[in-house]
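Subject: Structure handover and notes

Hi,

Here is the structure I promised to pass on. Please have it open while you read, as the notes below go through it piece by piece.

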Amino acid sequence: MAQHRWAMGASLATACLMLVGKIVAATLTGSVALFSDACESVIHIVATGVAAFALWWSRQPADEDHPYGHGKVAYFSAGFEGALILVAALSILFVSVRALWFGSELQSLGAGLAITAVLATINGVLAWYLMHVGRTTRSLVLLANGQHVLSDCLTSVGVLVGIAVVWLTGLTWLDPLIAVIVGVQIVWSACQLLRLSFRGLMDHSLPEEARRIEGCLAEAIEDASLISYHAVRHRRVGHEVFVEAHLLFPDDWTLKEAHARAAEIEGRINALFPDEYVHITTHLEPASHEEVHPGPVAASSRLVEPSR
């Protein structure tokens, strides 16, 4: 998708610009806070490269070795990016605490502030763009990358405000203290990304979407398109939705009639997700067959009694 390529290209180019600019600002000022910001940018370049690869791979069609497609690589990418951010945060905390203990010397703060302000503005615009495209196209890779860029932007803003205070007050010990606060904030962002990755890899339930699907099936029961249903499950992988359901029809219906009605119900479910690829698997059963198939039973796998 061209929109994805433009977004990732802009992210990679901006990440390189951020690294160069922050190294210059940190070198000019000797600020530990600006140095911590530059460290985060090194990690960001690596993470963005991994995200770009994951975005390309996740869009590849299903094949013989991956019959469900390659979408789950997005969750690996988000987890990897979260782990890298966590490493950067711990490094920043180490350097910051050391500087807080032994002290630091600052210089040329005006130039450092000007460079940081420009970089923060660029990053803010990029973060909005990445997250907008990510939400519009339901791309976890772009959303994770946008969250990382937003974290980087907020970090720069925090550093900018802190260095300005140091410049105005002459309290140099505030510089490493700000860096510690930045490190803690980055740890929080890393944990959020790791949580998102874990939930995706474990096919965490999505209650709101489950209610929409079961509501659609309940409407089918009301208009006599269906007698009952059970074993409803669904999961999301990026921009793809997988839905499974067992549908019960009158005993005297022919297979052709039941199949036609099942296809109609599948169409209704598909309409619930207009901007995504929906894969629906239905198992047709006679209404007299009320035994739920053995195996692990999810909350939505209950047998729904037919309306009287």
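Let me start with a convention: a crossing of two helices is called left-handed if the near helix is turned anticlockwise from the far one by less than a right angle, and right-handed if clockwise. By that rule, the crossing of H7 and H8 is right-handed.

Before going further, some housekeeping. This is a predicted model, in which local features need pLDDT of at least 70 and side-chain atom pairs count only at pLDDT 80 or more, while totals for chains, interfaces and linings use all residues. Residues are numbered from 1 along each chain as its sequence is written, and side-chain values use heavy atoms, with hydrogens and water left out.

**The overall picture**

The protein has eight helices and three strands; these are DSSP runs numbered from the N terminus, with helices being H or I of at least four residues and strands E of at least two. Read from the N terminus, the order is α-α-α-α-α-α-α-β-β-α-β. There are 308 residues, and 44% of them count as buried. Here buried means under 20% relative accessible area, exposed means over 50%, and partly exposed is in between (1.4 Å probe, protein chains only).

The accessible surface comes to about 15,600 Å², with 66% of it belonging to carbon and sulfur atoms. Those areas come from the Shrake-Rupley method with a 1.4 Å probe, and for residues only the protein chains shown count as cover. As for contacts (heavy atoms within 4.5 Å), residues 24 or more positions apart account for 75% of those with a separation of 6 or more.

**H7 against H8**

Back to the helix pair. The axes of H7 (207-222) and H8 (residues 255-271) come within 10 Å and cross at roughly 145 degrees. The axes are lines fitted to C-alpha atoms, for helices over the stretch in contact, and the angles run from 0 to 180 degrees between N-to-C directions. On the H7 side, Cys216, Leu217, Glu219 and Ala220 meet Ile265, Arg268 and Ile269 of H8.

**Salt bridges**

Arg268 turns up again here. The structure holds six salt bridges, each being a side-chain nitrogen of Lys or Arg within 4 Å of a carboxyl oxygen of Asp or Glu. One of them joins Asp223 to Arg268, with the closest N and O atoms 2.9 Å apart. Asp223 is in the loop between H7 and E1 and Arg268 is in helix H8, so this pair ties together parts that are 45 residues apart in sequence. Both ends are partly exposed: Asp223 has a relative accessibility of 39% and Arg268 has 22%.

Arg268 also forms a salt bridge with Glu264, where the closest N and O atoms are 3.0 Å apart. Glu264 and Arg268 both lie in helix H8, four residues apart, about one turn of the helix. Through shared partners, salt bridges join Asp223, Arg261, Glu264 and Arg268 into one network.

Glu208 is partly exposed at 46%, and Arg211 is exposed at 54%.

**Local details to look at**

Which residues have a positive phi although they are not glycines? Ala224 is one of them, at about 65 degrees, and Ala231 is another, at about 50 degrees. Ala224 sits in the loop between helix H7 and strand E1 (228-237) and is exposed, at 51%. Ala231 lies in strand E1 and is buried, at 15%.

Trp173 is in the loop between helix H5 (140-169) and helix H6 (174-201) and counts as partly exposed, at 47%.

Finally, Ala38 lies in helix H2 (residues 32-58) and is buried, at 6% relative accessibility. Leaving out residues up to four places away in sequence, Ala38 touches Leu19, Lys22 and Ile23. Ala38 and Ile92 are 54 residues apart in sequence and 9.7 Å apart in space, C-alpha to C-alpha.
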